[in-house]
Amino acid sequence: MKRLVLLLLVAAGCTPAVVDPPAPFGAVPSPGQVEWQRQELIMFYHFGPSTFSGLTGENATNRYGADELVDLFRPTAVDADQWVRVAAETGFREVILTAKHHDGFSLWPNPHSICNVSLCQEPYNVDIVGALSEACAKYGLNLGLYLSPWDKNDPAFGTVEYNDHYVDALTSLLDGRYGKVSEFWFDGNGANRSPYDFDLFNATVLGFNPDCVIFSNVGPGCRWVGNEEGVASETSWSAYSPSRYGAVHGSLPGDYAKYLGEGDADGEFWIPAETDLSIRPIADANGWFWGPGETTKSARELLRIYYNSVGRNSIMLLNVPPTTDGVLDPADVRALEQFKYLRDQVFSTNLASDAVATASAVRGDKYSPSRLLDGNFDNYYAAPDGVTDVTLEFTLPAFRTFNRLMLQEYIPLGQRVSSFSIEVLTGDSWEPWGDGTMTTIGYKRIILGAPVTASAVRVHLKALACPVLNGFGLYYDPFTDIPEYTLGPDGTVDIGEVDGDAGPFTFRVVIPNSFTSGLTPSGAQVHCGCTSVAVRQAPVAPGEDEIVTITYNPILPAGFRETVDLEYTPDSATRERKIVFVGETVFADENALSVTD
């Protein structure tokens, strides 16, 4: 019996002590909010009578009556399957539709509504919400819906009675006939035009789906980032206290861009920022709706926006409006495909995946820093309780070149890191890398820095509670940093290989003052024939070098040689200087034109 007791004691002594996980800190997300954040990319569809009228917002709302809106809505077809298929194929995880915009026209048979698709003539009376719901089920995407509180064409609008109409509309969208709705959008525009009962509206949504993420200026699921340009704040806390600023659904007093963008380190509620923008301009009459002749953001521009939204602890909500034909514009689809291509090229390989990770303090073996590299969202590194200043070090098996660094906190336990800095080992000494001391991390932070070749990386963290992180990565992006070349004495610059599948390519050319003999630039004429080139010139004083920015659309399948004619003015006369850029297009579109130089 004594021998058995001794064996049990020895066995007990060999068993590692059980270490409790960190306690949640501050405001924490619901499971629905965690899954919402992990989607990263959401596609927005603005579609309705404004697609056909060319007017949106108050212009359309104040101009058209219910009958006129019903008559305006005449799409050639409505291919919701194509909308969702494109979203799924280009890496989006959720789509949101403007089920009703400010004009009151509803894209489903809305109860009490005198202005909805069911009143349209054949074949325009399609239940578009229903079609989108079926497509989401087919392709495995989450469905979100936008229902503007403003409704110009409801006779009860502006009265307490309208709240019942709005709840009836919510019920008809959320009662299960369209499946699960993962996100619901209450637009802030018009949110102060009627005695709305937002407590009732929120309760109605959450009564049908407790996990639904509700968007508004004050949440409760997520908040507006404060701009429509695709830029989240570099300091981005998911916690937020609207009452601290007097913020309500229809009013954002003070510097709302700052407090919406940054949130609050000690915020009362978990209400993360959602960054909305459009793939097309929103400053024209069409606004968020499709219009002919508009330009589409390039894939490289979309990737930069991804860094400034998802890479700053936010969601990238990208509006891709269907055309009057009821499909996504081919130019937009091509940009989305290229955007997916760029993300795959940059993020398919984590250059630190085989690094050796160590930390200045570790909670226990279960919370080892090696868990930052295993790709499992629910595996995380944690420091001991009370330790809020930590250094993580990642030793690479060989020198590797990168220009992007990614960090992730395990947000189910809250957001903790208040500042961090980065060092790289490029030789025998450590050197700073990145942008000095940076602030928050949250769900994901992507740091953009100059290309560096290093054998190790250090991250110094300061936090409000013991740090808890679940992701680290090093990546190389050859696409979005704008390269700069110096023009040679012969007037030629070789820009090397250009990836045709990545879309338009922007670069800068430094034109030495000796090339222009001190002439003052007066303009630029582009003669490139087979390519699309835009030239922008910054003001330059006589005697200074000039920098010209060129955006080139590489449609050629092989080598190219293009000439840009720049005009200069010595006094009253105008002189012209030519610069020639040459290069090689790789991975060009198979259908690209073949042009002889």
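**Confidence, cores and ring contacts in the predicted model**

The protein averages a pLDDT of 90, and 89% of the residues score at least 70; pLDDT is the predictor's confidence in each residue, from 0 to 100. Over residues 1-13 the pLDDT is below 50, and this stretch has zero contacts in the model beyond near neighbours in sequence, a contact being heavy atoms within 4.5 Å. Residues 590-597 also stay under 50, and for them the model has nine contacts beyond four places in sequence. Where pLDDT is low, the predicted coordinates should not be read in detail.

Because this is a predicted model, local features need pLDDT of at least 70 and side-chain atom pairs count only at pLDDT 80 or more, whereas totals for chains, interfaces and linings use all residues. Residues are numbered from 1 along each chain as its sequence is written, and side-chain values use heavy atoms, with hydrogens and water left out.

We can turn next to the interior. A nonpolar core is a set of buried Ala, Val, Leu, Ile, Met, Phe, Trp, Tyr and Cys residues joined through side-chain atoms within 4.5 Å; buried means under 20% relative accessible area, exposed over 50%, and partly exposed in between (1.4 Å probe, protein chains only). The largest such core has 80 residues, of which Leu132, Leu173, Phe184 and Met316 touch the most other members. Apart from it lies another core of 31 residues, including Ala383, Leu396, Phe420 and Ile447. Leaving aside residues up to four places away in sequence, the contacts of Phe184 include Leu145, Leu170, Val205 and Phe215.

Phe184 also belongs to an aromatic cluster, together with Phe157, Tyr162, Tyr166, Phe186, Tyr196, Phe198 and Phe201. The structure holds 41 aromatic pairs, in which rings of Phe, Tyr and Trp (its six-membered ring) have centres within 6.5 Å; planes under 30 degrees apart count as stacked, over 60 as edge-to-face and the rest as tilted. Tyr306 and Tyr307 have ring centres 6.4 Å apart and planes at 65 degrees, so this pair is edge-to-face. Tyr306 is buried at 5% relative accessible area, and Tyr307 is buried at 1%.

Arginines meet rings too: Arg38 lies over the face of Phe377, at 3.9 Å from the ring centre, and Arg223 over that of Tyr240, at 5.2 Å. Here NZ of Lys or CZ of Arg must be within 6 Å of the ring centre and within 35 degrees of the ring normal.

Finally, the model has zero disulfides, defined as pairs of cysteine sulfur atoms within 2.5 Å. The sulfur of Cys120 is 8.2 Å from the closest cysteine sulfur, in Cys115, which is too far for a bond. Cys115 is buried at 1% relative accessibility, and Cys120 is buried at 7%.
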